[in-house]
Amino acid sequence: MTRTNSRSGLFLMEIMLAILFFSIAGALSLNMFAKSRQMSEDAFHLSMASDQVRNAAERLKHAAVSDTEGSRDAFFSECMSEAYPNADETDSGFSVYFDRDWNSCGREEGFFCMHITPSQTKETGLFCCNFSVIKTDGGDNIYSLDVKLHVPNRPQ
């Protein structure tokens, strides 16, 4: 009878160790899945931010080349106002807001914000602009790009 009890105690110990092993493995797997989901979401937002910046930069490039009238920097304001009617215009540039699905929206619904800031350059014929995308809740900078455009046939 003592032998039967020691075998059942040993079997119980094996079962407990197996349960402990699988619970640790399950916790690690769950942590890896959560981390991979976060990485996937971050990569998606980075891709969308870079697409939005590229679109705005291409619009600006097209406006700089096609518009030959007016002052050297007037095309910037006209181009951004036309492309992003919901954008907030300030002295330093434009702020364009996007919702969680990266659709253009107003400031109130905005989850992401693309700041478009023109800057002065000493180089003749170049128009410089900084594009920066952030989360509106004060998060880190998702994507940033500095662009220099040659503005042909413009008065200085």
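## Leu-145 in strand S6

Leu-145 sits in strand S6, residues 141–150. Strands here are DSSP runs of E, at least two residues long, and helices are runs of H or I, at least four long, numbered from the N terminus. The model is predicted: local features need pLDDT of at least 70, side-chain atom pairs count only at pLDDT 80 or more, and totals for chains, interfaces and linings use all residues. Residues are numbered from 1 along each chain as its sequence is written, and side-chain values use heavy atoms, with hydrogens and water left out.

Leu-145 counts as partly exposed because its relative accessibility is 30%. The classes are buried (under 20% relative accessible area), exposed (over 50%) and partly exposed in between, with a 1.4 Å probe and protein chains only. Beyond neighbours within four places in sequence, Leu-145 is in contact (heavy atoms within 4.5 Å) with Val-53, Cys-129, Asn-130 and Phe-131. Val-53 is 92 residues away along the chain, yet the two C-alpha atoms are 7.6 Å apart.

## Overall layout

The chain has two helices and six strands. Their order along the sequence is α-α-β-β-β-β-β-β. Of its 156 residues, 29% count as buried.

Take the contacts with a separation of 6 or more: 44% of them join residues 24 or more positions apart. The accessible surface is about 10700 Å², and carbon and sulfur atoms hold 56% of that. Areas come from the Shrake-Rupley method with a 1.4 Å probe; for residues, only the protein chains shown count as cover.

## The nonpolar core

In soluble globular proteins, nonpolar side chains tend to be buried together. A nonpolar core is a set of buried Ala, Val, Leu, Ile, Met, Phe, Trp, Tyr and Cys residues joined through side-chain atoms within 4.5 Å. The largest one here has 30 residues. Leu-60, Tyr-84, Met-114, Ile-116 and Phe-131 touch the most other members. Two or more residues each come from H1, helix H2 (74–83), S2, S4, strand S5 (126–135) and S6. H1 gives the most, with eight.

## Ser-95 and its partner

Ser-95 belongs to strand S2, residues 93–98. Ser-95 is buried because its relative accessible area is 9%. Its side chain makes a polar contact with the side chain of His-115, at 3.1 Å. Such a contact is a pair of N or O atoms within 3.5 Å; within protein, one must be able to donate a hydrogen and the other to accept it, and residues adjacent in sequence count only if both atoms are side-chain atoms. Beyond neighbours within four places in sequence, Ser-95 also touches Ala-87, Asp-88, Cys-113 and Met-114, among others.

## Salt bridges

There are two salt bridges, each a side-chain nitrogen of Lys or Arg within 4 Å of a carboxyl oxygen of Asp or Glu. Asp-51 pairs with Arg-54, with the closest N and O atoms 3.2 Å apart. The two lie three residues apart in helix H1 (residues 2–66), so about one helical turn separates them. Asp-51 is partly exposed at 23%, and Arg-54 is partly exposed at 48%.

Asp-88 pairs with Arg-107, with the closest N and O atoms 2.8 Å apart. This pair links distant parts of the chain, 19 residues apart: Asp-88 is in strand S1 (residues 88–90), and Arg-107 is in the loop between strand S3 (104–105) and strand S4 (112–119).
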